[in-house]
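Biologist: Could you walk me through this model, starting with one of its helices?

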Amino acid sequence: MTIKTAIVTGAGTGVGKAIVKALLGQGFKVAMVGRRRDVIEAAAKELDPTGTHTMTLPADIGDPVAVAGMFDQVKASWGRLDLLVNNAGIGAPAIPLEELSAEQWLAVVAANLNGAFFCTQQAFKIMKAQSPRGGRIINNGSISATTPRPHSAPYTATKHAITGLTKSTALDGRPFDIACGQIDIGNAATEMTRKMATGVLQANGSTAIEATMDAKHVGDAVAYMASLPLDANVLTMTVMATQMPFVGRG
């Protein structure tokens, strides 16, 4: 059986780490990308103690030169790329939008949108040229890709943009057997959602504790999307905690 290869961004913690674990369980080799070398190396050692099915690539995905080097390294080491998971993302402080600095806005755009685009570009270059041709790209959206939380303009704007990127990628990839889909995640239990246990601001101005779910379910969902043959695609999937505020945030 041919071993498939994947790149997962934001792979060292939370949802990204859960995705890597699920893909390793399916027999993928996974290049783990993250900003902090120590974090992704620790995660790789935990998930792949022998180091035979992972590589770690510390990189700032908002830097197109760093992204190109990262993809070149995967191609040189493994010969091909079957899957890209654009998972990395950050938020800005939950403050009124007029109080956000330009630097805070640009940092979120760089990580959430620019990084996904730069990675998608490099994946296309490899997937179009390799034999067998093609591959799959899965973008991490959010419930915020359709409905915002209060004081979340940078995060929400970039996640809405990810939906546009997903659809354009799916369309532009069709002639080259490149499938693209998006997973919208609601309240996976990670460091990012820890504050939900003590209460977060709601759309009506109240504060409420919100239910979460195990991030494993996100990893399993991505693994399912990745398991499909290239003539089938999950364009959009929503995986959310059942008891969290509904998709309209109510």
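Modeller: H6 has 12 residues and reaches 16 Å from its first C-alpha to its last, close to the 16 Å expected at 1.5 Å a residue, where the expected span is 1.5 Å times one less than the number of residues. Helices here are DSSP runs (H or I, at least four residues) and strands are runs of E (at least two), numbered from the N terminus. This is a predicted model, in which local features need pLDDT of at least 70 and side-chain atom pairs count only at pLDDT 80 or more, while totals for chains, interfaces and linings use all residues. Residues are numbered from 1 along each chain as its sequence is written, and side-chain values use heavy atoms, leaving out hydrogens and water.

Biologist: Which residues of H6 are buried?

Modeller: They are Val218, Gly219, Ala221, Val222, Ala223, Met225 and Ala226, where buried means under 20% relative accessible area, exposed over 50% and partly exposed in between, with a 1.4 Å probe and protein chains only.

Biologist: And which residues touch the most other members of the largest nonpolar core?

Modeller: Leu23 and Ile183 do, in a core of 36 residues; such a core is a set of buried Ala, Val, Leu, Ile, Met, Phe, Trp, Tyr and Cys residues joined through side-chain atoms within 4.5 Å. The elements giving two or more residues to this core include helix H1 (14-25), strand E6 (178-186) and helix H6 (216-227), and the largest share, six residues, comes from H1.

Biologist: What does Ile183 touch?

Modeller: Leaving aside residues up to four places away in sequence, its contacts include Val218, Ala221, Val222 and Met225, with contact meaning heavy atoms within 4.5 Å.
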